[in-house]
Amino acid sequence: MGRDVPALVFTREDRRRYRIKMQECLDVFARMLRESRFEAERPQVGLEIELNLVDDEAEPAMRNSDVLEAIADPAWSTELGRFNLEINVPPRRLTQGGPDAWEAEIRAALNHAEERARSVGTRLIMIGVLPTLRQEDVGESALSENARYRLLNDQVFAARGEDLHIELDGVDRLRTYADTITPEAACTSTQFHLQVSPEEFAPYWNAAQAVAGVQVALAANSPFLFGKELWHETRIPLFEQATDTRPQEIKAQGVRPRVWFGERWITSVFDLFEENLRYFPALLPLCDEQDPRETLAAGDVPELGELTLHNGTIYRWNRPVYAVAGDRPHVRVENRCLPAGPTVADTLANGAFYYGLTRALVEDERPVWSRMSFRAAEDNLHTAARHGIDARLYWPGMGEVPVPELVLRRLLPLAHRGLELSGMDAAWREPLLGIIEQRCVTGRNGAVWQKETLHHITALAHVGRHEALRRMTRLYIDYMHLNAPAHTWPVD
């Protein structure tokens, strides 16, 4: 959904043509899979980080256009809300230059952007949900200027026919309605990309699905929304509700949601793109001029524009991606379940755990997805989002077990093994996975720090909820720039 689109009204003919073109793209994709036309010799990893903009008082700043102009770097782009930005870190080999090189590259890019953002009176913050965000901050005026966001908003509400209902129970209770999709902009995430061969895609996607709950429990960083203390990773249920095209009657009929965990383990990447076409009507039925069949017959690589645009409006927590780079097509898994932040160090530790663990699970003679129901994996995700690092999750051979015990006893050794298989020696692995280990030992992550700090400020300073959230957010930004992992942050 990253492409620019014009502002327009779609006709029935547009939708008919788009459906036909999507089927043509799917047929061509199937032929490309059969003929092994994909890049697989030099697999790469990638990273996208969504961030929020705040002013000097840690309140949301609706200035992304100004900040983008000041940064002047094509790696940066807008997101849904005027208080959001995204950086697309260039892809690389997992072990290229070592983790220190990747960390230095990311920190340099973020520090440059922070310097430029300050020149227009704003600051950047990596966090799952901005704690100071109020409901009045996510009205229609908060939509970014690009026409694609307005068009997407209009199409979601045309499909729904009614306002969005957002309902969450945590420490506090949230009940509200929204007449735009901008509450989705409150959800800022980290997205890890993993390029794989088409033959390996299904096991890697299955492995990513199996560990999604564990990832979220370890990295939870979104306990507050609109002044309410809700789930440890409130971003998960908020995103599911804020992009739902289904009114209640359609939900009751069992129609799939567009923010979707899925419903089964797969045997091919084709399964997911076929589900996209089978289950989901087009939100943005825009046809491009390329004929994929003619392009393939001519020996060129088709962009499959309709297939990829449609895929971009179906928000799987692990999304399949088809792309063309250097005139070679490839497929990759886009892991989308984690929040942004708290620090670059935490982010790279999360990435090392994910890449290492999925590699080890794929290499296992008896894959975890052959011993675990798909429903159990989905239940793990929502249990982890609700309870964070305090969650008890199901794992084959262990039953329901506290997350720290599961990770320390079973999954962390697997992550080490997977990274070793990927060519990362112990000197590189230990600092990264050591952060994950210490999160488990201390029982502390970004969400825990935010909750404890808010309550400490409230008790000590006797201030209201919003003022306490504002002070906590300012402290968060200070610690974020120190780049010490969040489990080491003091509560003060």
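1. Buried here means under 20% relative accessible area, exposed over 50%, and partly exposed in between, with a 1.4 Å probe and protein chains only. By that cut-off Asn483 is buried, with a relative accessible area of 10%. Asn483 is found in the segment after H16, and its phi is near 65°, a positive value in a residue other than glycine. Helices (H or I, at least four residues) and strands (E, at least two) are DSSP runs, numbered from the N terminus.

2. A word on what you're looking at: this is a predicted model, where local features need pLDDT of at least 70, side-chain atom pairs count only at pLDDT 80 or more, and totals for chains, interfaces and linings use all residues. Residues are numbered from 1 along each chain as its sequence is written, and side-chain values use heavy atoms, with hydrogens and water left out.

3. Now the holes. A cavity is a set of points, on a 1 Å grid over the protein atoms alone, where a 1.4 Å probe fits but cannot get out; lining residues have an atom within 4 Å of a point. Grid points are joined across faces, edges and corners, and a volume is the space filled by probe spheres set on the points. Searching the whole structure turns up four cavities of 30 Å³ or more.

4. The largest cavity has a volume of about 150 Å³. Asn483 turns up again in its lining, which also includes Arg107, Glu114, Met480 and His481. H3 (98-118) and H16 (465-482) each supply at least two lining residues, and H3 has the largest share, with four. The lining divides into six nonpolar, four polar and two charged residues.

5. Thr347 counts as buried because its relative accessibility is 3%. Leaving out residues up to four places away in sequence, Thr347 touches Leu47, Thr190, Phe192 and Gly341, where contact means heavy atoms within 4.5 Å. Gly341 is joined to Pro342 by a cis peptide bond, with omega about 0°. Pro342 is in the loop between E13 (328-339) and H11.

6. On to the packing. A nonpolar core is a set of buried Ala, Val, Leu, Ile, Met, Phe, Trp, Tyr and Cys residues joined through side-chain atoms within 4.5 Å. The largest one has 158 residues, and Phe29, Trp76 and Phe353 have the most contacts inside it. H5 (residues 198-219) gives the most to this core, with 14 residues. Phe353 touches Val214 and Leu218, among others.

7. Finally, a hairpin worth a look: E5 (residues 164-169) and E6 (residues 173-178) run antiparallel and are joined by six bridges, with three residues between them. Strands pair if DSSP finds at least two bridges between them. Asp169 has Arg173 as its bridge partner in E6.

Methods:
On a 1 Å grid over the protein atoms alone, a cavity is a set of points where a 1.4 Å probe fits but cannot get out, and a pocket is an open set with protein on both sides within 12 Å along at least five of seven lines; lining residues have an atom within 4 Å of a point. Ala, Val, Leu, Ile, Met, Phe, Trp, Tyr, Cys and Pro count as nonpolar, Asp, Glu, Lys and Arg as charged, and the others, Gly among them, as polar.
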